[in-house]
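Secondary structure and packing are treated in turn.

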Amino acid sequence: MKRIGIDVGGTNTDAVLVDGERIVASIKVPTTQDVLSGVKAALSHVINAPASTGLSVDAVMIGTTHFTNAVVERARLERVAAIRVALPTGRSLPPMCDWPRDLYEAVDPMIFMVHGGHEYDGSPLVPMQADEIRNAAMRIRDAGITSIAISAIFSPLTTECEVKAAEIVRSVIPDARITLSHTLGRIGLLERENVAILNAALQSLGRTTVQAFADALSDIGVGAPFYLTQNDGTVALADVAAANPVHSFASGPTNSMRGAAFLTGMENGMVVDVGGTTSDIGCLVGGFPREANNIVHIGGVRTLFRMPDLLPIALGGGTIINPQTGEIGPRSAGYRILTEALVFGGSTLTTSDIAVAAGIVEMGDRDRVKGLDRDLVRTTLARIGDMVADNFDRMKTSADDVPLIAVGGGAFLIPDKVAGASEVVRVKNAGVANALGAAMAQVSGEVDQVFSGMSRDEALAAAETGARNAAVSSGAAQDSLKTLEIEDIPIAYLPGGARRVRVRVIGDIAFG
Amino acid sequence: MLQEFAEENIEPLAIGAWILGTGGGGDPYISTLNLRRLYAEGTRVDLMDPMALDDDDMVAVVSKMGAPLVGQERLGDPVHLARAVEVMEDYLGKRFRAIMSVEIGGSNALSSFLAAAVLNRPVVNADAMGRAYPEAQMTSFAIGNLPMFPLSLVDVRDNEVIVTRAASWKWMERISRKVCTEVGSTAATCKAPRTGREVKEWGIHDTVTKAVELGKAVLDARRRHADPVEAILNHEGGKLLFRGKVIDVARETTGGFLRGRTVIEGIDGDRGARMELAFQNEWAVAFRDGEAVAMTPDLLCLLDTVSGSAIGTESVRYGQRVTVVALPAPRLLTTPAGIAAVGPRAFGYDIDFRSVFP
């Protein structure tokens, strides 16, 4: 099984070619303005590496920050229509009522609230009225909008209203691209609806991005199917991913953590991924990043969906040091490090210069940092160590010492001894852990539902079956399925021993 | 005696109320959005000193009841809280002078404001708990042995219920909870109407201002990069009980309540020790290495160590860095009648109440 993994980051584009579990070739190139020429350069390099001769590629996995950037920059977003099936509830808080003004204007939505939806126990709230939805659809069609988000109250429990509403809309607008909130989010109507609308706004960008990647691949002669990596450390076929851009929001750090697990063979532990500007600390559980269980803001919008639980630190290989005070960051030379850092002939003191001066790493011209004050070098390294230790401790889940895996281009900044870490694990190829994580990605299925009127065991079993089916329909091989997480929370005030159960299942991609 | 409640006080009120909710009362986010929208439309609410009420004034006591999870889907609407008040007025044939919240803890702190904004009445600067508690018999009015009926309950589908009599506060709680469950586990209620005299005598006064000032102290500390937890302690004359990391959360629902315990492993000065916080919707008793060291009615608050934000019993989770603090209870709750209603025994713990405050 030969796969190529690519990670398109803000600073670097990394690529690896793996054969089974062996890394055949790898490369790190600067991310280009147009993104694609950098992707092509990286791809060509790994395919044309001497060791790759004669190998054909079975799959290409791409991790990209493209979709998050569009939301953050309020650019390349499409006009959407939002239909919420929830009246008579929620009238005072219409869809997008908590969005930042500028993002709201960028999306310029048409908003409809109609009757229907369900209760927590699956019974209808009030009957849905087909006419209301048909009328909304006609107005959406007349406005020329084709990207539509539909949300319904308690849809993660009962999908019926969203599915029926979509059928009605499609009967009026046959080419509508419809996002149903239950396919993306969890319980919490506003947050789930926000995710659905963000997703709808990214439909055009999703398609053009995937098409551009497809063209880049065919330009250099790779005909293999390609996938986009997802926030939870799994992949989706490019066409599926194009329809669900929000699933690719935080895939970069996730890929790094998956790569760290793969490179070290460790399933549990902490990972620090040191980039050019920032580092992320996360926790590996069973080889996957632990997920954030709470609200995540994206471009100022409240959301609640599958995202890795990460602690960002303003520390990277390009972080600027104040030579007078020894203060670290938060500014960074970023991608300009290759011209601005002292060792590369520039005049800015960066963490990389300190590391070279201390003999921790070799890069650029060592002579240019020979004159640095010894005390400054020593105290700066000590401060970096304290920063890492403090943030590491914040993310740990127990007082016991646990291993810390250091990956990313700036991994050399992590000291060999970190308080609270049983060891600092370093591995070869740690610099391209993210591309490797992409290459090794699997597919997953999830259920997050409220069950009532059954025992805890029955509820867990029902959820697990649902999650397994979801994984298989996303392309997982049945015999490779593994249950990754089971979590259940009993719910106050609800009768019948109601509990909310979340199960996530993971499996290898079923090829052919 | 009437003072306009400024728009910039909405956020501090929500932050302070969430802390005073002692783990329960529900996240005020949805209510905050609702109140902000009403203000954006030009509505303003006046705040009224309880001592300015005439003895025979009528005061509506409003409350949103139900499961927080249902509230996350149904997104409470101010018109239903207002409707509960109108239904009660129709039944009584009398007009309410002003509106107050049953509890100042969590999202209900804003319920009076939402109803008041729709009905154009003032909000009384008082509540009936000075914090959050799960049941009707845990209000100051119940401790004062005042009448517990009638009660109106309104749901979104045009169902309107009036409970005309109940044998006791506990019966009122049982009946209204049953009806609430039937209509989808969320409803707006207007509780037993109070006279101005009753509010003056038995209300817990100035709690709206207290929540706002507490919220402002937190925001100010964050702005100055000072320690928000310390700001809370200074502001309320509170006591720091424990610093640590959540290592276990066990939850179960019995009798319609969320019960369980959270285990916190000490760090810094508390390294090597453990604190267990037992809860029933709200934090009830704190055990340090097995010994009960703080308990209701003292306010036990679980705070995010860095931001000072309150953490609810529904959202506490493994790995969070937390600080446990105790804040002094309203005096009424620490009287013998108060202890009987809301002391540890009212929550099933065979412990004598001992305050952490001298």
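Which residue takes a positive phi just after helix 14 of chain A? A:Gly475 does, with a phi of about 110 degrees.

## Basis of the description

This is a predicted model, in which local features need pLDDT of at least 70 and side-chain atom pairs count only at pLDDT 80 or more, whereas totals for chains, interfaces and linings use all residues. Residues are numbered from 1 along each chain as its sequence is written, chains are lettered from A and ligands numbered from 1 in the order in which they are written, and side-chain values use heavy atoms, with hydrogens and water left out.

Helices (H or I, at least four residues) and strands (E, at least two) are DSSP runs, numbered from the N terminus.

## Helix 14 of chain A

Helix 14 of chain A spans residues 456–473. Its 18 residues reach 26 Å from the first C-alpha to the last, close to the 26 Å expected at 1.5 Å a residue; the expected span is 1.5 Å times one less than the number of residues.

Buried means under 20% relative accessible area, exposed over 50%, and partly exposed in between (1.4 Å probe, protein chains only). The buried residues of this helix are A:Ala459, A:Leu460, A:Ala463, A:Ala467 and A:Ala471. They cover an arc of only 105 degrees around the axis, which puts them on the same side of helix 14 of chain A; the arc is that of the directions from the helix axis to the C-beta atoms. A:Asp457 and A:Ser473, on the other side of the helix, are exposed.

## The parallel sheet of chain A

Four strands of chain A form an open sheet in the order 6-5-7-8, with parallel pairing; two strands pair if DSSP finds at least two bridges between them. Strand 6 (110–115) and strand 8 (177–180) of chain A stand at the edges with a single partner strand each, so one side of each is left without a neighbour in the sheet. From one strand to the next, the twist averages 20 degrees.

Strand 7 (residues 147–152) of chain A pairs with strand 8 of chain A over four bridges in the parallel sense, and A:Arg177 in strand 8 is the bridge partner of A:Ser147. Helix 5 (residues 160–172) of chain A lies across strand 5 (81–87), strand 7 and strand 8 of chain A, at about 150 degrees to strand 7. Helix 6 (residues 189–201) of chain A also packs on the sheet, where it touches strand 5, strand 7 and strand 8 of chain A and makes about 165 degrees with the direction of strand 7. Contact means heavy atoms within 4.5 Å. Axes are lines fitted to C-alpha atoms, for helices over the stretch in contact, and angles run from 0 to 180 degrees between N-to-C directions.

## Antiparallel strands of chain B

Strand 14 (residues 282–288) of chain B is mostly covered, with six of its seven residues buried. Six bridges pair it in the antiparallel sense with strand 13 (residues 274–280) of chain B, and B:Phe287 is the bridge partner of B:Glu276. One residue lies between the strands of this hairpin, where B:Asn281 takes a positive phi near 60 degrees.

Strand 14 of chain B also runs antiparallel to strand 15 (residues 291–295) of chain B, joined by four bridges. B:Val285 stands opposite B:Met295 in strand 15 of chain B.

## A buried loop serine

A:Ser248 is placed in the loop between helix 8 (238–243) and helix 9 (251–264) of chain A. A:Ser248 is buried, with a relative accessible area of 1%.
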